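Subject: Structure handover

Hello,

Here is the structure for you to look over. My notes on it follow below.

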Amino acid sequence: MADKGVFQAFPFAFDSVDYEKRKKKTPVNVSLFSYICFRYLATGQSLASLHFAFLIGKSTASMVVRETCVATWDVLHPAVMAQPQKEDWLQIADLFFQSCNFPNCVGAIDGKHIRVKKPIRSGSQFFNYKKYFSFVLFAVCDANYCFRYIDVGSYGSSSDSAVLGHSAFGQMLNNNELDLPGNTTLPGTTYPAMPFVFVGDEAFALGEHLMRPYSSRGLSIARRVFNYRLTRARRVVECAFGILANKWLFLYSPIHLKLETTISAVKAACALYNFVRVWDGFNFEDSLSHSLESPNPSGVRGTRHGASVRDHFTAYILSPHGALPWQLEAI
């Protein structure tokens, strides 16, 4: 994550936005246009409302939102969502262990539905199991509730596991291209060396670098404790979605923009969310709720090696080195 100094030039980022595609070649007030866009993201008011509030045409309001969101993403994305290196992954893992008590965790993953009007000629591709039209915002989050990776625009009918598998992040995870640190022993132990992992819910397939809870049927005490500890780490991505939706209120209702513009708006909101998190610090409440629905939680089969890794984590969590004083009472 970049330092604050990277963001000093952000107010000047919109000088390069091509607003000259408008039919009327009147002078462009870049500050006003960026304000219009951010007001839309922050309030979710309609383009007609912006038309009356700022005395601009509806098509102009749509153009302003589209071009400013694209520029926001292009400028902020390299600074606030750069791909982590090994040192960054180690710092993320340390913070997860300190705040969530889950060892070797480098991220929490989840997907959420973004409600939209039915895209033209899309059939039922965007119609989800909740019976409305949406696309999926898939995110990887660190323990500071910052997004480290997002994938926006997958069909609402897709499951979390399918979205992960088709995303660039999922491909890099499967091909070991994320530059994750090598296996290391868990705190207080000397054997075995364990991989660094991401944590998700039951919708994801179990793997060497991806942990999910045990099935809820016939759980032993050990497995219930593991599910509790994993949930403590996984909840940060849920809280991040909550903070995102509470800060950018256009996510609370169906978005009446073209699909491409909607995707650009969601990407810009995520980049701005990280920008504000870095600028204001990380001392926000993590108990915010949100109205974003999870994608279809259909179960998927994991690998045997992933099951073995999960069993080792379970044994560590119940050992004197990894146990928490209150974990048995919490389940």
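Of the 331 residues of the protein, 51% count as buried. Buried means under 20% relative accessible area, exposed over 50%, and partly exposed in between, with a 1.4 Å probe and protein chains only. Please note that this is a predicted model, in which local features need pLDDT of at least 70 and side-chain atom pairs count only at pLDDT 80 or more, while totals for chains, interfaces and linings use all residues. Residues are numbered from 1 along each chain as its sequence is written, and side-chain values use heavy atoms, with hydrogens and water left out.

Overall make-up

The protein has ten helices and seven strands. These are DSSP runs, numbered from the N terminus: helices are H or I with at least four residues, strands are E with at least two. Take the contacts between residues at least 6 apart in sequence: 71% of them join residues at least 24 apart. Contact means heavy atoms within 4.5 Å.

The sheet

Five strands form an open sheet. Their order is β3-β2-β1-β6-β7, with mixed pairing. Two strands pair if DSSP finds at least two bridges between them. β3 and β7 (210-211) stand at the edges with a single partner strand each, so one side of each has no neighbour in the sheet. Helix α8 (residues 259-280) packs on the sheet and touches β1, β2 and β3. The direction of α8 makes about 165° with that of β3. Axes are lines fitted to C-alpha atoms, for helices over the stretch in contact, and angles run from 0 to 180 degrees between N-to-C directions.

Now β3 itself (residues 147-155). Seven of its nine residues are buried, so β3 is largely enclosed by the rest of the structure. β2 and β3 run antiparallel and are joined by seven bridges. Y155 in β3 is the bridge partner of F135.

Two loop residues

S122 sits in the loop between β1 (105-115) and β2 (134-141). S122 counts as buried, because its relative accessibility is 6%. Its side chain reaches the backbone oxygen of P119 at 2.8 Å.

N104 is in the loop between α4 (86-100) and β1. At 7% relative accessibility, N104 is also buried. A polar atom of its side chain lies 3.4 Å from the backbone oxygen of P195. Beyond neighbours within four places in sequence, N104 contacts T184, L186, M194, P195, F196, V197 and F313.

A helix pair

Helix α1 (residues 30-43) and helix α3 (residues 58-80) pack at about 90°, with axes 9 Å apart. That makes α1 roughly perpendicular to α3, a term for angles of 65 to 115 degrees; under 35 is roughly parallel, over 145 roughly antiparallel, and the rest oblique. From α1, the contact includes F33, I36 and F38. From α3, it includes V64, V65 and T68.

Best wishes

How values were computed
Polar contact = N/O pair within 3.5 Å; in protein donor to acceptor, adjacent residues only side chain to side chain.
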